[in-house]
Amino acid sequence: MAGVQTAVALREQGFPGSVTLIGAEPHQPYDRPPLSKAVLLGKAEGSAFDVDFEALDVELRLGLEVTGVHPARRELDTAAGPVPYDVLVVATGAEPVRLPGAEGVPGVHLLRTLDDAERLRPVLARQHDIVVVGAGWIGAEFATAAREAGCSVTVVEAAGRPLVGALPAEVAAPMAAWYADSGASLRTHARVERVEPGAVVLDDGSRLPAGAVVVGIGARPATAWLAGSGIELGAHREIVADDHLRTSRPGVYAVGDCASFPSGRYGERLLVHHWDNALQGPRTVAANIVGETPAPYDPVPYFWSEQFGRFVQYAGHHGAADALLWRGDPAGPSWSVCWLREGRLVAVLAVGRPRDLAQGRRLIESGTRMDPALLTDPSRPLKGAAL
């Protein structure tokens, strides 16, 4: 998404030079969200972007891995030899964290690429007993698809609740019931001791039958190939970009999952592993490349997830909030959570309440002060609580 959108934005903003898009995968550039939904369930063959690269005069070099970069001489190392550049945009995204000890064990899968989804599609069709390791967003989405396909699903999570790194305990707790409601089993405080062909063994000695194991324990920026380049990396091995998505080396930009940026709105550096960031950032990069002076890149982060029959959306960043308010009953089919800081909305999570999300996102952008008493009335539009 980030690489394709950068190429498209460059042409839309009048960039006259040559544009080359290099990707390690052999497939036409594609969108990732359908991989855990329609593509996985066989309802779609792929999710290629509807972009006419030839008409845009964008050269695609697919199936070509870049192994290094030399900013001083503006050159990339690739399997096909050196590739020179005038301006480089790094959009290598993130790669899934692998389960230690599971490498090479038959039946262990990741879900990040089109090839991953295509390998998993027949697994679902055969209705295997499936163990999902990790109750984060991707684990929940895969468990949802597997249950829809008729598989028996057990999700094991080392922490005491789902979404441990994404949401506070009191907000994630109601979501644990969604697993049982869908017929999936959720086992928390469950650490994987080892994976064997046909089984997952937990550290308490219990064995879970597993015709297939799907690992969803997180992702990290795909930046190992930048070793020795002098491009500054952060604590999570992400590229440290400035508020115009420029890196520490001249002529090199970074966008999407592989880069963090300073947020003036939230007063901290954000590393956002979501689709919308890969859609928004390229416009800032392209504007800088064509010589414009865009506003600092400071979006309201946004993502969505479809799981267990529910549409979950989130906007903002709740890390620095000083108040958490509920709208509706979390045991019901639709509810929202709002986070405030000094009376202003900074984040909103909406379950089956898309209007709350849309209005909340605009209120976060505008920094509007809110009336907490009105905010907690789910019958009142969210914008009706603005002061």
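Guide: Two strands pair if DSSP finds at least two bridges between them. Strands (E, at least two residues) and helices (H or I, at least four) are DSSP runs, numbered from the N terminus. This is a predicted model, in which local features need pLDDT of at least 70, side-chain atom pairs count only at pLDDT 80 or more, and totals for chains, interfaces and linings use all residues. Residues are numbered from 1 along each chain as its sequence is written, and side-chain values use heavy atoms, with hydrogens and water left out.

Visitor: What makes β13 and β14 a pair?

Guide: Strand β13 (residues 199–202) and β14 are joined by 3 bridges and run antiparallel. The rule asks for at least two, so they pair. A199 has P209 in β14 as its bridge partner.

Visitor: Why are β12 and β14 called edge strands?

Guide: The open sheet has 3 strands in the order β12-β13-β14, with antiparallel pairing. β12 (192–196) and β14 (207–209) each pair on one side only.

Visitor: How do you know that R207 and E196 form a salt bridge?

Guide: A salt bridge is a side-chain nitrogen of Lys or Arg within 4 Å of a carboxyl oxygen of Asp or Glu. For R207 and E196 the N to O distance is 3.0 Å, so the pair qualifies. R207 is in strand β14 and E196 in strand β12, 11 residues apart.

Visitor: Why is E196 called partly exposed?

Guide: Buried means under 20% relative accessible area, exposed over 50%, and partly exposed in between (1.4 Å probe, protein chains only). E196 has 22%, so it is partly exposed.

Visitor: What makes D298 and R265 a salt bridge?

Guide: Their closest N and O atoms are 3.8 Å apart, and the limit is 4 Å. D298 lies in the loop between α6 (275–289) and β21 (302–307), and R265 in the loop between β19 (259–263) and β20 (268–271), so the pair ties together parts 33 residues apart in sequence. D298, at 22% relative accessible area, is partly exposed, and R265, at 25%, is also partly exposed.

Visitor: Why is strand β10 said to be largely enclosed?

Guide: In β10 (residues 152–156), 4 of the 5 residues are buried, so the rest of the structure largely encloses this strand. β10 pairs with β9 (residues 129–133) in the parallel sense over 5 bridges, and V131 stands opposite T154 in β10. On another pairing, 3 bridges join β10 to the parallel strand β11 (residues 185–187).
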